[in-house]
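Here's a quick briefing to read alongside the model. Have the viewer open and follow along.

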Number of protein chains: 2
Amino acid sequence: MVKIRNMEEFAALSGISRPTVSKYFNNPDSVRATTRARIEEALGKYEYRPNIYAINQNRKLTKNIGIVVPFLADPFFAEIARTLEQNVIAAGYRPNLFGSHGNSDVELEVLDSLRSLKPAGVLLAPLGRSSDKLEIEKFCRDVPTVLFDSNLGGIGEAFIGSDNFSFVSQTVEYLVRTGEPPIFFEMRTPANPNANKRRLAYIQMMERLGFEPHVHKIEGEGWSFEEIGRAGALKLLSDGLPASNAILCSNDRLAIGVLSACYEMGIRVGRTEDCQLRVASNDDHPFARFTCPSLTTAAHDYASVADRSVATLLEVIESGGKLASRSETLFPARLVLRDSA
Amino acid sequence: MVKIRNMEEFAALSGISRPTVSKYFNNPDSVRATTRARIEEALGKYEYRPNIYAINQNRKLTKNIGIVVPFLADPFFAEIARTLEQNVIAAGYRPNLFGSHGNSDVELEVLDSLRSLKPAGVLLAPLGRSSDKLEIEKFCRDVPTVLFDSNLGGIGEAFIGSDNFSFVSQTVEYLVRTGEPPIFFEMRTPANPNANKRRLAYIQMMERLGFEPHVHKIEGEGWSFEEIGRAGALKLLSDGLPASNAILCSNDRLAIGVLSACYEMGIRVGRTEDCQLRVASNDDHPFARFTCPSLTTAAHDYASVADRSVATLLEVIESGGKLASRSETLFPARLVLRDSA
DNA sequence: ACAAATTTTTTACGCGCGAAAACTTTTTTC
DNA sequence: GAAAAAAGTTTTCGCGCGTAAAAAATTTGT
């Protein structure tokens with residue numbers, strides 16, 4: 001297979017003028033069928049792909065789409081990033097994946113390096129509380145950005161996420177219906193704004209059902225949620241069992257830590273007679289079904305969030321980078337009953 | 001802050017000629033200290049960054065380094081990718097992260113799209129058994145590539161990984177020393193060549209210690225190792241306890257599934273008197289300390305593998321893309337004793 | 001078959017930068 | 001302080017492609 005250096009050479013070999021070939025690569029449907037066929041025949045015969053750097057230098061907006069998640073080593077984000085990637089590719093764009101490593105400085109660095117990639121748009125799951133909102137807002141003014149997972153009020157062209165009230169109301173309702181009203185287990189200073197919404201939803205649901213809410217806040221900083229949850233649970237449970245035999249964790253990673261602590265302390269968790277504690281949670285982390293016992297939790301609608309995020313960003317891009325108004329889309333949770341509650 | 005369009009304009013504003021400014025951006029140390037100071041002063045006053053596409057068009061090799069792992073949603077790979085990313089940035093390169101989604105076609109697509117990024121080099125953890133070795137070899141002929149985690153005989157400029165014999169010999173030795181000789185638990189058709197090396201190491205160690213090796217192969221395809229391990233363990237344990245009360249899993253993800261199955265069946269796992277089974281494994285997966293019970297396992301030297309991989313790739317790049325000979329570096333494992341064995 | 005509409009070709013320019021050559025200025029060396 | 005070395009400047013070219021305008025060729029409609 002002969003290698004071709006540039007479009008000029010390829011055009012000559014395919015018997016088509018270079019500007020027409022250029023048109024073809026920008027949109028194959030923009031040339032006549034017979035011309036398209038001749039180009040594609042040559043494409044099969046010779047190995048040629050337009051130089052991506054030369055292309056992007058002359059286009060105002062590239063075909064890149066940035067994907068930024070707060071922490072790539074968190075399987076939850078890895079999974080959603082994976083789905084987003086595939087949707088982006090399917091839409092004919094090139095995904096650029098970045099993780100913020102749980103650090104707001106890194107988050108800004110990522111956006112900065114993203115800026116120089118001149119992406120057509122960016123899908124951003126911000127760190128949340130610790131994010132530098134001013135700088136992110138500045139970024140969003142220059143680059144069409146759709147936020148997902150974690151909302152930063154007013155920033156970005158749209159927000160796609162999960163409905164925290166739907167999560168918590170379902171888990172609370174289920175726990176109450178099948179046993180004691182739960183206490184709510186969370187970090188004192190949660191990194192993510194969803195945590196606050198979940199706490200409020202818990203309180204609201206408990207009051208609506210006529211029970212006194214009981215929020216247990218544990219110490220800990222950073223993104224090692226399992227370890228933080230484990231330490232918090234060891235502390236909580238070492239003073240005897242809590243006020244209720246049901247614990248609702250703010251998220252699955254905390255719950256994984258809690259289950260680990262319970263196991264270590266010999267506390268049986270589950271919904272059967274012989275169990276002392278029930279533990280439920282929110283997110284449906286990829287590992288939730290392999291915890292011991294398997295974790296009852298409210299599942300994100302991964303696919304819908306990913307689909308809608310990409311679809312919305314494409315809308316934004318096609319309408320020139322701005323939307324008439326900032327929309328916020330929330331998808332409901334699906335309760336997944338397993339053995340822990 | 002005034003925005004500058006190009007280097008010409010920035011050079012004029014900083015009072016330095018464009019070629020010198022260009023030199024500065026390629027290597028700040030290549031210009032005189034006083035000149036550097038003037039440029040950097042202007043850099044603080046005006047907002048300018050060279051256009052990355054124009055740069056890359058004119059350089060034979062870009063400052064991009066591709067990082068490809070078989071599965072990004074696997075925390076093990078996410079963690080190592082994260083570490084690699086940071087090393088690459090520290091070396092002044094720009095990381096491009098990709099996951100193969102456990103699919104060999106995707107793996108080739110990723111390499112293909114990587115090729116058009118004209119990266120200075122690539123760090124590739126191949127899928128393994130299912131990889132299209134011929135195509136990967138072809139890629140390696142064009143792009144300086146260092147393999148890590150999983151070796152593909154003779155392909156790439158070097159291989160950096162973990163010493164599977166070190167892993168298994170330590171876990172086997174420990175299990176034998178503290179109880180019954182273990183059986184080896186693995187997939188019938190492992191996706192990864194490391195699995196084969198581990199099996200052989202197990203057999204060799206058992207024979208050396210004077211015990212009969214006992215390999216238990218379970219069915220299952222794909223990358224859902226936890227689920228496969230769980231199903232395999234349920235099957236194995238439903239026929240009563242196995243030949244030995246010690247199970248050594250090929251990797252942690254299988255072990256997570258095994259522990260989940262044990263819990264479900266009410267089989268107590270651990271090294272204490274009251275336990276029926278001991279389970280150990282290899283990898284030290286990020287979640288291994290949160291399983292129930294926490295998992296005794298042999299830990300990868302993440303940091304060393306990442307450091308050496310990047311260092312080796314930089315050597316390759318600096319020596320013009322080829323190394324005198326293909327080196328294979330293996331790092332030993334560190335036994336991590338927890339509660340499962 | 002002929003005019004109109006569509007598509008392609010020709011020609012030419014520009015994007016922002018790397019790089020090389022020849023020349024000028026500044027710094028180093030003894 | 002003069003010669004040598006180092007660093008900076010000027011000038012010029014080219015990378016591979018997008019894009020625009022005018023001319024030429026092809027297809028379409030009637």
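Leaving aside neighbours within four places in sequence, which residues is B:Arg49 in contact with? They are A:Asp112, A:Ser113 and A:Ser116, so look across to chain A, given that contact here means heavy atoms within 4.5 Å. Keep in mind that this is a predicted model.

**Around B:Arg49**
- To find B:Arg49, go to the loop between helix H3 (33-45) and helix H4 (52-58) of chain B.
- B:Arg49 comes out as partly exposed, because its relative accessibility is 42%.
- B:Lys3 sits 46 residues away from B:Arg49 in sequence, yet the C-alpha to C-alpha separation in space is 9.7 Å.

**How the two copies relate**

**Domains of chain A**
- Chain A splits into domain 1 (7-50), domain 2 (64-163 + 302-334) and domain 3 (164-299).
- Note that domain 2 is written as two segments, 64-163 and 302-334.
- Between domain 1 and domain 2 of chain A, the C-alpha centres are 34 Å apart.

**The sheet in chain B**
- Here you'll find 6 strands in an open sheet with mixed pairing, ordered E7-E6-E8-E9-E10-E12.
- Strand E7 (215-218) and strand E12 (334-336) of chain B are the edges, each pairing on one side only.
- On average, neighbouring strands of this sheet are turned by 20 degrees against each other, ignoring direction.
- Strand E6 (residues 183-187) of chain B runs parallel to E7(B), and 4 bridges join the two.
- Within that pair, B:Phe185 has B:His216 in E7(B) as its bridge partner.
- Packed on the sheet is helix H9 (residues 193-208) of chain B, which touches E6, E7, strand E8 (246-249) and strand E9 (278-283) of chain B.
- The direction of H9 makes about 165 degrees with that of E6(B).
- Helix H10 (residues 225-238) of chain B lies across E6, E7 and E8 of chain B, and runs at about 130 degrees to E6(B).

**Strand E9 in chain A**
- Strand E9 (residues 278-283) of chain A is largely enclosed by the rest of the structure, because 6 of its 6 residues are buried.
- In a regular strand, side chains alternate between the two faces of the sheet.
- Both faces of E9(A) are covered: A:Arg278, A:Ala280 and A:Asn282 are buried on one side, and A:Val279, A:Ser281 and A:Asp283 are buried on the other.
- E9(A) pairs with strand E8 (residues 246-249) of chain A in the parallel sense, over 3 bridges.

**Cysteines**
- Searching the whole structure turns up 0 disulfides over all chains.
- B:Cys292 is in no disulfide: the nearest cysteine sulfur is that of A:Cys292, 5.0 Å away, whereas a disulfide needs the sulfur atoms within 2.5 Å.
- B:Cys292 counts as buried, because its relative accessible area is 5%.
- B:Cys140 is buried too, with a relative accessibility of 5%.

Note on methods
Residues numbered from 1 in each chain as written. Chains lettered and ligands numbered in written order. Predicted model: local features only at pLDDT ≥ 70, side-chain atom pairs only at ≥ 80, totals over all residues. Heavy atoms only, no water. Buried < 20%, exposed > 50% of the residue type's maximum accessible area, 1.4 Å probe, protein only. Pairing = 2+ DSSP bridges. Axes fitted to C-alpha atoms, helices over the stretch in contact; angles between N-to-C directions. Domains from an automatic or database assignment.
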